[in-house]
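Morning, everyone. I'll take you through one model today, strands to start with, then a helix, then the ligand. Please have a look at it before I go on.

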Amino acid sequence: MFIHKPILLDPVLTFLAGQQEEVLLVDATLGEGGHAEAFLSSNPRLVLVGIERDRQIIDRARERLDRFGRRARLFRMDFLEFFSSVAELVDRSPQCIFFDLGVSMFHYQASGRGFSFRRSEPLDMRLDSEKDETAAQLIATSSEEELKSLIRRFGEERFAAAISAAIVAERKKGAIEDSQALARIVWNAVPPAYRHGRIHPATRTFQALRIAVNGELDLLEATLPLAFDSLSVGGRMGVISFHSLEDRIVKRFFQERNKSCTCPSESPICQCGGQRRARILTRKPIFAAEAEIRANPASRSARFRILEKIV
Ligand SMILES: C[S@@+](CC[C@H](N)C(=O)[O-])C[C@H]1O[C@@H](n2cnc3c(N)ncnc32)[C@H](O)[C@@H]1O
């Protein structure tokens, strides 16, 4: 019934769920509630606050977590909105915060919103259907330069120039509103040798559009400091990311909090008090083992980092 397999479940539970002690855990990316169900099952004194931006998927999580009653409190909003008013929404500081970034298997396989280049679906890609413009609108209204820059930046796609030129040429013939139609345009735009690589040639373009439509990187960057501030002293923040753009933001943020002085380098004297706020528990990120990758190929690119707040 549930499509998404929770990733890196063992280390996530080990670092974040606690044993028998009381834990308030914020699952900031609830999805279908796979990790959430495991958190709640593994520690009977854990209370979970689940945040999810997507209305369709939070309903599935609600059904799954129903049996935990008041131990699971769910909010349909984005995580920036939540951490911006966390003190009004929960009555104490969480001991643990968990992010499992990106989208869910549900989005690719069952949402019907054009996340997958393998299906013919409306090019929507919004996680929150009440907000933002769709991928089709973004494609229709961006200049070639803007498309090139977003495909390069959010997709790290080396053929961004050729792809954006092809998109602009095709949209003159008619609106690009279907995911498979877009995948075909990308396929035809890239050199033949690139078409049969390890990943489908449209993978990076689709990633870039999804990130742009949902403002994913800006939201993450703005949310991490607020989430950290809300954490209780001794508490932990764990983040699973799936590509280097997300991971870079997480890694930089963790390093920043791990340093004793966070003043800008041009500042001649320390003004921040020089107090180290946190320690990194994972010098190197945790990756999925071969067996997990075989059972769940989506775990191949997952990286899990954990930070502990000390002040
Ligand atoms: C990888 S899935 C989480 C899967 C979940 N851990 C599980 O085991 O079922 C990520 C989820 O985060 C949601 N999401 C992405 N960005 C979000 C944001 N800014 N605020 C809240 N939820 C977000 C997505 O809609 C998606 O359902």
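**Strands, a helix and a ligand**

Start in strand β7, where Leu307 is the bridge partner of Met237. Helices (H or I, at least four residues) and strands (E, at least two) are DSSP runs, numbered from the N terminus.

A word on the source. This is a predicted model, so local features need pLDDT of at least 70 and side-chain atom pairs count only at pLDDT 80 or more, while totals for chains, interfaces and linings use all residues. Residues are numbered from 1 along each chain as its sequence is written, and side-chain values use heavy atoms, with hydrogens and water left out.

Back to the strands. β5 and β7 (residues 303-309) run antiparallel, joined by six bridges. Two strands pair if DSSP finds at least two bridges between them. β5 also pairs with β4 (residues 96-100): five bridges, parallel. There, Phe98 has Gly238 in β5 as its bridge partner.

Is β5 buried or exposed? Five of its six residues (236-241) are buried, so the strand is largely enclosed by the rest of the structure. Buried means under 20% relative accessible area, exposed over 50%, partly exposed in between (1.4 Å probe, protein chains only).

Next, β1, residues 23-27. Five of the five residues are buried, so β1 too is largely enclosed by the rest of the structure. In a regular strand the side chains alternate between the two faces of the sheet. In β1, Val23, Leu25 and Asp27 point one way, Leu24 and Val26 the other. Five bridges join β1 to β2 (residues 46-52), and the two run parallel. Leu24 has Val47 in β2 as its bridge partner.

Now helix α12, residues 216-230. What happens at Thr223 in α12? There is a kink of about 30 degrees, shortly before the proline Pro225. The bend at a residue is the angle between axes fitted to the seven residues ending there and the seven starting there. Thr223 is buried, and so are Leu224 and Ala227, among others in α12.

Last, the ligand. Of the 25 residues around it, Gly34, His35, Glu52, Phe79 and Asp100 come nearest. Near means a heavy atom within 4 Å. A polar side-chain atom of His35 lies 2.8 Å from a ligand nitrogen atom. Taken alone, the ligand exposes 610 Å², and the protein buries 98% of that. Those areas come from the Shrake-Rupley method with a 1.4 Å probe.

How values were computed: Polar contact = N/O pair within 3.5 Å; in protein donor to acceptor, adjacent residues only side chain to side chain.
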